[in-house]
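Trainee: Could we go through this structure together? I'd like to start with what the words mean.

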Amino acid sequence: MNGPSHIAPPIMDYLDRLRFPADEWKFSEVQFDTADLGKTETLFALGNGYLGMRGNVEEGRETHSHGTFINGFHETWPIQHAEEAFGFARVGQTIVNVPDAKVIRLYVDDEPLLLPVADLLDYDRTIDFRTGVLSRDILWRTPGGKRVQIRSRRLVSFTQRHLAVLTFEVTMLDEHAPVAISSQILNRQDGEDEYHVSSAAMGEGTDPRQAESFRRRVLIPKAHWGSEEKGRVVLGYQCAESKMTLAVAADHHMETANHYTQHVGVDEDVAKMTYRIDAQPGHPITLTKIVAYHTSRGVPARELIDRCRRTLDRVEEEGLDHEFAEQEEWLTRFWERSDVEVTGQPEIQQAVRWNLFQIAQASARAEGNGIPAKGVTGSGYGGHYFWDTEIYVLPFLTYTSPRTSRAALRFRYNLLTAARKRAVQLTQRGVLFPWRTINGEEASAYYAAGTAQYHIDADVSYALSQYVAATGDDDFLKREGIDILVETARMWADLGFWRSDEDGTFHIHGVTGPDEYTTVVNDNLFTNVMARFNLSRAARALKDVKKSDKIAYEQLSQRLNLDESEIEEWEKAAAGMAIPFESHLGIHPQDLHFLEREVWDLANTPMEKRPLLLNYHPLVIYRFQVLKQADVVLALFLQGEHFTAEEKLADFEYYDPITTGDSTLSAVVQSIIAAEVGYHDLAIRYFLAALFVDLADRHSNTSDGVHVASVGGVWSALVCGFGGFRDQGGVFSIDPRLPEAWDSLAYRITLKGTRVRVTVTQDAVELVVENGRHASLVVRGEEVTVTSEDPVTVALKDQGPRLEGEPKPPAGTKRADGTIISAIVPSAD
C-alpha cells in the first residue's frame, strides 16, 4: 500500500521477499530491476555524514539519479521573487553533485556490461550493517556465451572522513577473452551524465521538495592531472558563486596474473585509468580504487589536492585490510551502544537496523555541518538543514552517540551570528534560526510555511536541554549552550505580548507550527508550549550557572550583555503563556481560530489528489481543518508532563483522523501517542508505515534520498513509544507499551556516561548496566537505581490502557456556539 493516507495502513510486510530477502543484519537485492532504480539507488547508498555515494551501479549508465554528495558543499544563487518584500530570503543554496568516482566500466570481447540487457545467471547486491560494505556479485554470460564472475565492494569510511574504497574483481570462468576496465572520475554537471542527459529525477514535475537544478556551469575547473606510473588521477574545482572549493583524487592498484597494459587520460571533467587485460580463465583481475575528497569554503584547490595526497598516502601505508577492519570495528561499537532488538520479528528487525544505519550514515562525520534532511544520499530539499534534526534525529544521537549530538548542537551555536542578523531583519531581539539553510542564511522563499515557523528556536533549545540532561555536559552549557538558550528566550519575550484584559496572558501571534497546512496563525499550541519551555529553561539555566559557577556567570553576562531583569521577564512570560483549550470539545485547538474552519473530507478525497500540497493551492488547504503532520500531538509527546492523560486521549482522538500523513514526519509521532493513550493496534500500524517509508517507497519519493528525520523518528517510536522512555524535565522514566505480537523489545540509552540496556517483555522491564556505573530511572512510577553489579527487574501488570478501533473524524460534532462541523472536499465543480 503505497502513498500517504490519513488511514494507518494494515499490518503487513511491505517488501517483496523474493527480491529482498529478510536478514537481520543485511539488506540484499537478489533480482535486478530497472523499474525502481531511483529507490534502490537510495536504499543502497553509502555515507558517513560528510561524504555520500548513491547506490548507482558501478557501470554508471543505468541510473535514475547519479549522485555523489558532500555535506555542506553547495552553490549559491539569488532567489527571484515574483513580488518583492522586505526581509524575504535572498540567497538560495543547493548541494552540489560532485565529481563521481564510483564509475568502473567493464568490457569483455569489446562488449560492455549493461545490466538491463545482460544475461545474468546470478545477481546479489548486499549492504552489510556490521561491516558497512556494499557488495555486488554477478555471474554474467556475455553475448558470446562466455561466463564471467564479477565481484565488487564499496566502502565510505566512518573512521577516515574523506575516504572511499572500491574494489572490482573480474574472473573469466571458462574461456579466454580480451577484457577492458575503465575506471573514471566523472564531473557531471548537476546530475547529467557524460552525454549531457539529465537524470530522470531532475526537474520531473513540480514537487517543491526536490532540489534546484542549475542551468549554468557550477564547478569551474582549477586543476587536473594524472600519473600513469602511480595510477593516481586528480581533479580540482571551485564553485562559480559560493566560491567553495573541492579536490578529488584516486589511486588505482591492479592485481592479476594476466598480462595487461594501462593508460591514463585526464581533462577538465573526466579522469580515466584504463586497463586492457589478456584474461585467461580462472585468473582473477582485481582493481582497487582508493578515493579521497576534500572541500573548503575558500582554501585553493591546490591545497585541497595536497590534502587528498596525504589521505591516499596514509591508506597506502596502512593497507586495504586495515581500512575494512577499522570500518567493522567502528560499527561494532556503534551497534553496542545503539542497537534495538525486536525478538522473533526478522522482517521488522532488518528494517529497524537499516533505519538506524541510515542515521549513522547521515550524521557520524558531519562535524561542523548540520545533518541534511536527506543525509548525503540524494539532493532532495537541496541538501538543507531543518528543525527535523533537533526533534527527530538528535534524540537518538543524544542517548546513543552523544559526541555526535554535541557536534550538531555546536553547528547551531556557530550559526548564532547569522541568526542574530535574521532576527533583526524580522524586527526581533535575540536570534531567529533559519527554517532551512546550509550556510546559515534563510533559504526558504515561501515565508508562510518557512520563516514563520519560529518554533525552530524552541526546537533547538529543546534538543540542547535534552542533551545536557542526558550527558551532564555542563561545560558545554556554560560556554556555548547558554548563549542559545538566552538568545532564543529573548526572541520569544520580544515576539510575544501581554493582554492585560485577560488576567495577564502572554500571546504569540503570526506564526506557523509544524503543520504546514495551517500557516501564520495566532497562539499555535505547539509554538506556545515549546516557547514556554524555552523561556523557563533559559531562566533556570542562568540561575543554575549563577549558583554553581560565579565566574562562568559573570563571563556569560558580559558576553551576552545580560540584564538580570530578563530572567524574571522570561519566567513571567512562561507562567502566563496562552495555552488554547476548548472546554466544550475538551481539546486543545491547534490555534486560536482552528476550530472555526470546516473539516477537509479526507475519506472522499481521491488518492490521485494526494498529497494535497501537490494538488491544491495553499490558500485552499489553509481554509480547512486538515493537517500535513502532527502538531498538537507532537506537543503532547515533547511536553507530555504538562498534559493530563485525559487531555492526551481527547486531543489524539480529535486530530488523528484529520492528519493526512502527507509528511513522513507524522506517522512516528502518531505511533508514539497512539501507544501511550491505548490505541495499540493503531500504534503498530503507524510504526510499520514509518519503518518502511523508504524501504517500500511509501511516499513515492525515496529516489530523492533517505528521509532522515523519519528514520530518526523510528528510533523514538521504538524507544519512546513501545519502550515507554521519557525525559521530562531531566527525570528519566519508563512506562512501556509493548505490542501484543512481540515477545520482547531491547534498547540502549546512555545516561551521564552509563549505558543501560532496557528489555521490555509482556510482564516485566529489566535494566542492565552494560557500560558505566549506575543510573536512576522511574519505571511505571517506581524509582529505581541500576548499578553495574545489580540489574533491576520491575514487574508489569499490563502494557497500559487498551482501546479498540480507531478515532472517528470530527465532522458532525457541535461547536460551543452550536454550529456543526461539516466535512468538505473542495472542488470547482
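Mentor: Contact means heavy atoms within 4.5 Å, and helices are DSSP runs of H or I of at least four residues, numbered from the N terminus. The model is predicted, so local features need pLDDT of at least 70 and side-chain atom pairs pLDDT 80 or more, while totals for chains, interfaces and linings use all residues. Residues are numbered from 1 along each chain as its sequence is written, and side-chain values use heavy atoms, leaving out hydrogens and water.

Trainee: OK, what covers the buried residues of α6?

Mentor: The cover includes α4, α5, α7 (416–425), α8 (455–471) and α9 (474–495).

Trainee: And which residues of α6 are buried?

Mentor: Taking buried as under 20% relative accessible area with a 1.4 Å probe, protein chains only, they are T404, S405, A408, L409, F411, R412 and Y413.

Trainee: How far apart are the end C-alpha atoms of α6?

Mentor: They are 16 Å apart, which agrees with the 16 Å that its 12 residues should span, because the expected span is 1.5 Å times one less than the number of residues.

Trainee: Switching topic, is E566 buried or exposed?

Mentor: E566 is buried, with a relative accessible area of 6%, and it is found in helix α12 (residues 565–575).

Trainee: Which residues is E566 in contact with?

Mentor: Leaving aside neighbours within four places in sequence, E566 is in contact with R429, R490 and N561. The side chains of E566 and R490 are also joined by a polar contact of 2.8 Å, that is, a pair of N or O atoms within 3.5 Å, one able to donate a hydrogen and the other to accept it.

Conventions. Helices (H or I, at least four residues) and strands (E, at least two) are DSSP runs, numbered from the N terminus. Buried means under 20% relative accessible area, exposed over 50%, partly exposed in between (1.4 Å probe, protein chains only).
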